[in-house]
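Take a look at the chain and its ligand below.

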Amino acid sequence: MNIKRMRVSIITLRRKCRSWGHQRGLCVLSILVSLVILTIRYLTITERVEETDLNPCLVPKEQRRWLFHLLSTVSSLLSHLAITHFLCYDSLWGAVQESGPLPWDAHAHLCALNEKVAVHDEAELLRAFRRRGLALEYSSAEGQYTIKNSSAIPDKWEAPTIQIILFEEDDRVHMLRRVGWKRRVLPPDCDAHPSLQCFPPNLVALPLPERPFGPLTLPAPREDIDLLKFHYPDTWWRPLLPQC
Ligand SMILES: *[C@@H]1O[C@H](CO)[C@@H](O)[C@H](O)[C@H]1NC(C)=O
């Protein structure tokens with residue numbers, strides 16, 4: 001029963017009570033009971049409203065579960081293919097700040113070493129992901145994969161995706177840098193071109209440490225704060241604020 005109907009029935013009860021006269025006590029009791037039920041319903045509804053509508057920044061729990069399931073499948077598949085991968089960008093921020101995703105981030109970021117990806121041909125990768133019900137898309141401009149569940153998902157919220165950003169070592173400067181044709185034309189000068197997002201290879205020397213990430217444990221770079229210093233040179237020292 002919704003609140004509006006409940007209110008109407010209380011009003012009719014009161015009207016009836018007036019006409020009954022002789023059973024006043026019983027009437028007052030039923031009105032009180034209705035009021036208590038109404039209050040309880042009102043309280044539970046406001047609670048629900050607070051969780052989702054009042055805080056659009058929070059990713060709903062169900063959407064989170066989807067992300068964790070997707071992330072766990074992707075990470076074990078990458079390990080199975082011997083592709084070195086680790087938390088990075090916003091997901092590394094989340095791991096450091098929250099031991100999980102940032103509360104407003106519905107998606108996840110992993111970084112991977114291109115030399116380990118390149119030993120597999122494209123068709124083999126596609127097949128391996130497809131067999132697990134995942135769609136894999138590569139952007140050759142950005143040098144990154146986007147992975148999502150290929151099944152239809154509830155349209156209440158945006159489907160979680162996982163970005164895998166590829167890095168490769170530049171022998172001239174001994175730094176790892178982003179791949180993709182947008183950056184390939186740039187000279188390997190990490191200081192002059194922040195978009196190369198360079199970092200030293202020793203931060204991802206094997207074996208990588210594992211970091212809690214919600215219910216999962218995922219590989220992370222060594223000295224994770226150091227990678228954040230490279231990728232967020234101007235802001236790494238202060239906590240990230242909600243971006244919504
Ligand atoms: C993909 O979605 C389906 C339901 O639509 C679910 O059963 C399956 O476990 C999901 N797979 C992954 C890897 O998230």
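A salt bridge is a side-chain nitrogen of Lys or Arg within 4 Å of a carboxyl oxygen of Asp or Glu. By this rule the chain has eight salt bridges. This is a predicted model, in which local features need pLDDT of at least 70 and side-chain atom pairs count only at pLDDT 80 or more, while totals for chains, interfaces and linings use all residues. Residues are numbered from 1 along each chain as its sequence is written, and side-chain values use heavy atoms, with hydrogens and water left out.

**Salt bridges**

| Glutamate 142 | Arginine 178 | 3.4 Å |

Glutamate 142 forms a salt bridge with arginine 178. Glutamate 142 lies in the loop between β3 (134–139) and β4 (144–149), and arginine 178 in strand β6 (residues 175–178), so this pair ties together parts that are 36 residues apart in sequence. Helices (H or I, at least four residues) and strands (E, at least two) are DSSP runs, numbered from the N terminus.

Glutamate 142 is partly exposed, at 21%. Arginine 178 is buried, at 6%. Arginine 183 is buried too, at 10%. Salt bridges that share partners join Glu142, Arg178, Lys182 and Arg183 into one network.

**The chain as a whole**

The secondary structure comes to eight helices and eight strands. The chain has 244 residues, and 41% of them count as buried. Contact means heavy atoms within 4.5 Å. Among contacts with a separation of 6 or more, 59% are between residues 24 or more positions apart. The chain exposes about 14,400 Å², and carbon and sulfur atoms supply 57% of that area. Accessible areas come from the Shrake-Rupley method with a 1.4 Å probe; for residues, only the protein chains shown count as cover.

**Around the ligand**

Eight residues are around the ligand, and Trp66, His69, Thr73, Asn149 and Ser151 come nearest. A polar contact is a pair of N or O atoms within 3.5 Å; within protein, one must be able to donate a hydrogen and the other to accept it, and residues adjacent in sequence count only if both atoms are side-chain atoms. A polar side-chain atom of asparagine 149 lies 2.3 Å from an oxygen atom of the ligand. For histidine 69, a side-chain N or O atom is 3.1 Å from a ligand oxygen. On its own the ligand has 370 Å² of accessible area, and the protein covers 64% of this.

Which helix gives the largest share of the shell? Helix α3 (residues 61–80) does, with four residues. By class, the shell has four nonpolar, four polar and no charged residues. Here Ala, Val, Leu, Ile, Met, Phe, Trp, Tyr, Cys and Pro count as nonpolar, Asp, Glu, Lys and Arg as charged, and the others, Gly among them, as polar.

**Two buried threonines**

Threonine 84 is found in the loop between α3 and β1 (85–87). Its relative accessible area is 8%, and it is buried. Beyond its neighbours within four places in sequence, threonine 84 is in contact with residues including Cys111, Leu113, Lys116 and Leu206. A polar contact of 3.0 Å joins the side chains of threonine 84 and lysine 116. Threonine 84 and valine 204 are 120 residues apart in sequence but 8.7 Å apart in space, C-alpha to C-alpha.

Threonine 161 lies in the loop between β4 and β5 (162–170). Threonine 161 is buried, at 14%. Leaving aside neighbours within four places, its contacts include Leu67, His107 and Thr146.

**Backbone details**

The peptide bond from leucine 206 to proline 207 is cis, with omega near -5 degrees. Proline 207 is in the loop between α7 and β7 (210–213). Alanine 82 has a positive phi of about 60 degrees although it is not a glycine. At 51% relative accessibility, alanine 82 counts as exposed.

Key:
Buried < 20%, exposed > 50% of the residue type's maximum accessible area, 1.4 Å probe, protein only. Near = heavy atom within 4 Å.
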